[in-house]
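Here are my notes on this one, jotted down while going through it. Have a look at the structure first, then read on.

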Amino acid sequence: MNPATRSAFPGFAWSLSRQKTLAECPRRYAYEYYFSHNGWLADAPEETKRIYRLKKLTSLEMFFGSSLHNVIQNAISNYSKSRKIPRPDDLVQLVRSSLNAAYIDSTRHYGLWFDKPSRYTMFRDVYYGDGLPPDKIEEVRSRIGACAESFPKSKTFREISGGRNVRLMELERFRTLPFADVDVVVVMDIVYRDRDTGRWVVADWKTGKESAEDRTQLALYAMYLQKLYDIPSIRDITIRNEYLATGTWREYKLEPIDIDNTLYVLERSVMEMRRYMEDIDGNVPYELEAFPLTEYTRHCERCNFKELCGR
């Protein structure tokens, strides 16, 4: 892209993670969604590159969750072609290999990560000099085994592989749902339809604990699904969270009021985000100082950008 026509800031799109970031700390939100933009470019200002590098830091827990999602999606794709049930030991090995490669990146390839932070992995705890805490390593090691054992036994996989007349529709694709004049980011882990009953299922794999936002996330997915496939009623969609670490799941049937409540939350969230925009149409933010630091300093310890704030 010609520097003269390069966009100073990205386009605006709402997501649940974006809302959570703003709620935790407006300053972190500014770094994450505005002032890191273009930091991957060779001729970007050094401060922008620095912010972008910090944005790309990850935690052991987040990287584990991402790795497991990738392994699960590949396992489902392979099953749809070969009808081979994945073995937990194979899933464990794949996730461990990914984690080991990330650890090598973080501890031996600092220079490579510094130059290409989107291609290499850097754990936040390693970057800030503390190293990976042994208790975190042990917790993740335990969760790898538990999740690998739970996945083939999960309600979602059993429905896919149990001889039912099921059609896979989507596997973890980045989508956007238009809402008024805003795009809403939607990344559904898996969508399938029971051809005999006409039932649609949206399922989300969770590697951690239950969260208050889990149902809201799935309600957004159901809204998108209903619009994309022109489903007559929201009641025809089953939404499900699969909590792999505990081998449990929660399943919901939505009512129209659930959608109304979700739309209300979305509208209020967009209004809050726009308070920080100097130019709404261009998604241009106010200066960094307009984004206050969080009052809840407990969030600072696990923030990628803490070196910039001096906390």
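Is E138 buried, partly exposed or exposed? With a relative accessibility of 45%, E138 counts as partly exposed. Keep in mind that this is a predicted model.

1. E138 has a salt-bridge partner in R141, with the closest N and O atoms 2.9 Å apart. Both sit in helix 8 (residues 134-153), 3 residues apart, or about one turn of the helix. R141 is partly exposed too, at 41% relative accessible area.

2. Helix 8 also holds E139 and R143, 4 residues apart and so separated by about one helical turn. They form a salt bridge as well, the closest N and O atoms being 3.4 Å apart. Here E139 is partly exposed at 41%, whereas R143 is buried at 13%.

3. D258 is buried at 17%, while R215 is partly exposed at 32%.

4. The whole structure has 24 salt bridges.

5. On cysteines: there are 0 disulfides. The nearest cysteine sulfur to C25 belongs to C303 and is 6.2 Å away. C25 is buried, at 9% relative accessible area, and C147 is buried at 1%.

6. Helix 4 (residues 60-82) passes a length check: its 23 residues should span 33 Å at 1.5 Å a residue, and the end C-alpha atoms are 32 Å apart, which agrees. R83 follows helix 4 and has a positive phi, near 60°.

Definitions and conventions
Residues numbered from 1 in each chain as written. Predicted model: local features only at pLDDT ≥ 70, side-chain atom pairs only at ≥ 80, totals over all residues. Heavy atoms only, no water. Helix = DSSP H or I, 4+ residues; strand = E, 2+ residues; numbered from the N terminus. Expected span 1.5 Å × (residues − 1). Disulfide = S-S within 2.5 Å. Buried < 20%, exposed > 50% of the residue type's maximum accessible area, 1.4 Å probe, protein only. Salt bridge = Lys/Arg side-chain N within 4 Å of Asp/Glu carboxyl O.
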